[in-house]
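Hi,

Here is the structure I promised to pass on to you.

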Amino acid sequence: MSGINQFLMQLINGLNIGSIYALIALGYTMVYGIAKLINFAHGDIIMVGAYVSLLCLNTGMPWFLACIVTIVVCAVFGVVMEKLAYKPLRKASRISLLITAIGVSYLLENAFQLIFSANPKPYPGFITLPNIKLGSISIAANYYVTFIVSVVLMVVLNLFIQKTNVGKAMRAVSEDEGAARLMGINVDNTISLTFAIGSALAAIAGILYSNCYSPINPFMGSLPGIKAFIAAVLGGIGSIPGAVLGGFILGMIETMVKAYISSQLLDSIVFTILILMLALKPSGILGKSVKEKV
Amino acid sequence: MLKVENLVVKYGVIEAIKGISFEVGDGQIVTLIGANGAGKTTTLQTISGLVRPQSGKILLNDRDISREATDKIVKSGLVQVPEGRRVFQQETVEENLILGAYTRKDKAGIKEDLEKVYERFPRLKERHQQLAGTLSGGEQQMLAIGRALMGKPKIMLMDEPSMGLSPLLVREIFSIIREINRDGTTILLVEQNAKMALSIANHAYVLKNGSIVLDGTGEELLRSEEVQKAYLGG
């Protein structure tokens, strides 16, 4: 394979993993924006989504129905998680919330290990569209479907947040919770909705991820979750376009490092990026530091 | 319209409001004056449901709202202009105003009220596409008031609307408050600028360390020696 083709292939790989990171990062960033919480259990929702969809598919359910069930289950799961674990701590310090989030993450991983064992389970991929040929390279269905689905979801989410009343309420709560309450916005419902949307996106990411990277295991969400968190920080945590941008940048860096530098150094390089970003520009690429006006 | 009975508010073990009672009659302007830390803002936040009282009643048209959620309270016509204006800085002026009408469903009415707010505050109309964070302090205060008006309040709570504004703007804000009241909105005003507040108030209460120590008509308190000494610098 010629150098340019090799590069194009890597570009496509980068877009694929980048779109998954972006989908997960959206959940991180939305929850952070509204509840000021880094939900470290968010990555594990991918895993929950993978297992729920696997169970559905194994019953012989058609794939689109399995997807819908998975999305609904994960959305409800996200809301319940918020109500049980995070809501009682709404007035507690940030560090208690952070520790709780890590606890929830471990709880999920170990509970799923108990139920399904730690053995990887093969995932029956259901994306069976033909490959697309672009010149001399051919793109597998998994790859372009993941990319298209992610981009469509991001556009829809953006429209939802910009145009609908509920979306405007989310923006208001994210900027100033107290003032939002005074507008008559029900903040509890807004937070629940944010968790539901974030978890639904993670569910879809989980399904797409499993289609690309079978088999699945109870710890599969952990690393993509952390990477997506890095993506969210890179783009500017709290910023929706930032999460998308961060996701794609990270995906691209990862693939290029893997292809041209060293796949062993991959994770160290990615985490170095996080450290550098936090040291040099903690607000991220698109994040704003808001100043108060007197 | 609004009646507060034996309201007690605690932050931890500290009693911030120690059993105050006062009343705001239909169509009136009532003001609470007092020094920093007297409990004025806490009182308003408790009425709006942002802070839960320890005991006591808050009656809005004879219905006790002291345990109700803020969004319900706003829906029943009690809207607050918070201290420090608290406009949504990253939203445009118009989006801020629309957020003020969040609890309303009557699209035609919202549009009409938007025009009314623009008529009252032409500066906001000029800048309707601008981010609220880029407005001057006075403009932000007007936006905060306009945003509250979009909620179609029966009673409007205002927390220090004159804070940080030039004397000229303070006078403008107070004349706006009067106008809003003349158009039928009852007003409960909290102010450190006692002189201005008393000059437009039908009735006034003096809050000190969480208790009401004095009350009377605006004029009476303006003339009262105690008030002059403590709050009017004379």
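The contact between the two chains takes 22 residues from chain A and 25 residues from chain B, where contact means heavy atoms within 4.5 Å. Keep in mind that this is a predicted model: local features need pLDDT of at least 70 and side-chain atom pairs count only at pLDDT 80 or more, while totals for chains, interfaces and linings use all residues. Residues are numbered from 1 along each chain as its sequence is written, chains are lettered from A and ligands numbered from 1 in the order in which they are written, and side-chain values use heavy atoms, with hydrogens and water left out.

Back to the two chains. Together they bury about 2,200 Å², 58% of it on carbon and sulfur atoms; buried area is the accessible area (1.4 Å probe) that two parts lose on being put together, summed over both. The rule finds three salt bridges across this interface, a salt bridge being a side-chain nitrogen of Lys or Arg within 4 Å of a carboxyl oxygen of Asp or Glu. B:Glu95 and A:Arg171 make a salt bridge with their side chains, at 3.2 Å from N to O.

How confident is the predictor about chain A? Its pLDDT (confidence in each residue, from 0 to 100) averages 92 in chain A, and 98% of the residues score at least 70.

Now for chain B, which the domain assignment (automatic or from a database) splits into domain 1 (1-77 + 153-234) and domain 2 (85-152). Their centres, taken over C-alpha atoms, are 23 Å apart. Between them, the domains bury about 1,200 Å², 70% of it on carbon and sulfur atoms. On the domain 1 side, B:Pro153, B:Ile176 and B:Ile180 supply 33% of the buried area, more than any other three residues. Two salt bridges cross this interface. B:Asp183 also forms a salt bridge with B:Arg120, with the closest N and O atoms 2.9 Å apart.

Chain B has an open sheet of six strands with mixed pairing, in the order β6-β7-β8-β3-β9-β10. Helices (H or I, at least four residues) and strands (E, at least two) are DSSP runs, numbered from the N terminus, and two strands pair if DSSP finds at least two bridges between them. Because β6 (78-81) and β10 (211-217) of chain B stand at the edges with a single partner strand each, one side of each has no neighbour in the sheet.

In the hairpin of β9(B) and β10(B), two residues sit between the strands, and B:Asn209 takes a positive phi near 45°.

There is also an open sheet of four strands in chain B, ordered β2-β1-β4-β5 with antiparallel pairing. Its edge strands are β2 (14-24) and β5 (63-64) of chain B, each pairing on one side only. Inside this sheet, β1 (residues 2-11) and β4 (residues 55-60) of chain B pair over five bridges, and B:Glu5 stands opposite B:Lys57.

Cheers
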